[in-house]
Amino acid sequence: TRTSRPQRILKAVQTKATVGDPQSVITAIDHFCRHREWAMNVGDEKGSILDSVVNEVSPVTVLELGTYCGYSTVRIARLLPPGACVITLEFNPDYAAIARQVIKWSGLEDKVQLVEGASGDWIPWMKEHFGVQAFDLVFLDHWKERYLPDTKLLEECGLIQKGTVLLADNVICPGTPDYLEYVRNSPHYNSQYYRSHLEYTKAEDGLEKSVFLGY
Ligand SMILES: CNc1ncnc2c1ncn2[C@@H]1O[C@H](/C=C/CNC(=O)c2cc(-c3ccc(F)cc3)cc(O)c2O)[C@@H](O)[C@H]1O
Ligand SMILES: [Mg+2]
């Protein structure tokens, strides 16, 4: 049977990127998705904004919701200092298997904890299972209608504390209206929109950065 798009993305990495060189993995995926087949990676343009937020926050613990092929996982992990790590949740076993290989090819497996499972099931266990106090940065890029419920769950579980930064992809396209309304109107968040474009296209999209101000 035909290969899947994630399998073709992995093949592009394995043929075009250099083992242990995260930037070459990023470049290989972006080239493949721009010139061969579009895929829902955050991409190079929004990816540069993600990079700048990671550098600004210099997080010790990062949570990523929705690994897909691991493109943004690699973007984040390559910027983390020794001792820092990104926990990334992915509930599709086929995507998780591809992402593990992309992360391994980039040489960043020591900075990544890929958890195969649903955000709703795993968030309540983060403290107990991973010894996480609170996340310094959360990157939301999973099902768009899950952004708000998972943010509320993170709050309830005490995983969002004063200074925690939420960075959400696709707030315009496909759009996350209920999440945007929440973070922009809540007195507990200071929110700002980074205007950009939908990955590999000219359509508008952007990232919303929301800093938790405490209760
Ligand atoms: C609900 N809890 C969950 N827990 C763990 N993993 C979850 C998950 N929900 C989804 N996932 C996983 O995240 C990924 C899903 C991402 C959903 N993203 C999108 O739909 C998306 C879609 C577009 C898009 C934009 C325009 C268009 F015409 C078509 C698509 C662009 C993006 O950047 C996107 O992120 C998959 O790997 C899925 O298995
Ligand atoms: Mg996205």
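This is a predicted model: local features need pLDDT of at least 70, side-chain atom pairs count only at pLDDT 80 or more; totals for chains, interfaces and linings use all residues.
The donor residues of the magnesium ion, ligand 2, follow the spacing D-x27-D-N in sequence. The residues concerned are Asp-141 (OD), Asp-169 (OD) and Asn-170 (OD1), which coordinate the ion at 2.0 to 2.2 Å. Donors here are N, O and S atoms within 2.8 Å of the metal, or 3.2 Å for Na, K and Ca; water is not among the atoms, so sites may look incomplete.

Asp-141 and Asp-169 link distant parts of the chain, 28 residues apart. Asp-141 lies in the loop between strand S4 (137–140) and helix H8 (147–156), and Asp-169 in the loop between strand S5 (165–168) and helix H9 (171–175). Helices (H or I, at least four residues) and strands (E, at least two) are DSSP runs, numbered from the N terminus. Both Asp-141 and Asp-169 are buried, where buried means under 20% relative accessible area, exposed over 50%, and partly exposed in between, with a 1.4 Å probe and protein chains only.

Residues are numbered from 1 along each chain as its sequence is written, chains are lettered from A and ligands numbered from 1 in the order in which they are written, and side-chain values use heavy atoms, with hydrogens and water left out.

I turn to the strands. Of the 5 residues in strand S1 (residues 61–65), 4 are buried. S1 pairs in parallel with strand S2 (residues 85–90) over 5 bridges; two strands pair if DSSP finds at least two bridges between them. Thr-61 has Cys-85 in S2 as its bridge partner. S1 also runs parallel to S4, joined by 4 bridges, and here Leu-63 is partnered by Val-138.

Finally, the salt bridges. How many does the structure hold? There are 15, each being a side-chain nitrogen of Lys or Arg within 4 Å of a carboxyl oxygen of Asp or Glu. One of them joins Glu-37 to Arg-8, with the closest N and O atoms 2.5 Å apart. This pair spans 29 residues, from the loop between helix H2 (22–35) and helix H3 (43–57) to helix H1 (residues 5–16). Glu-37 is buried, at 18% relative accessibility. Arg-146 and Asp-150 meet at 2.7 Å, N to O; Asp-150 is buried at 0%, whereas Arg-146 is partly exposed at 32%.

The metal ligand Asp-169 also belongs to a network of salt bridges with Lys-46, Glu-199 and Asp-205.
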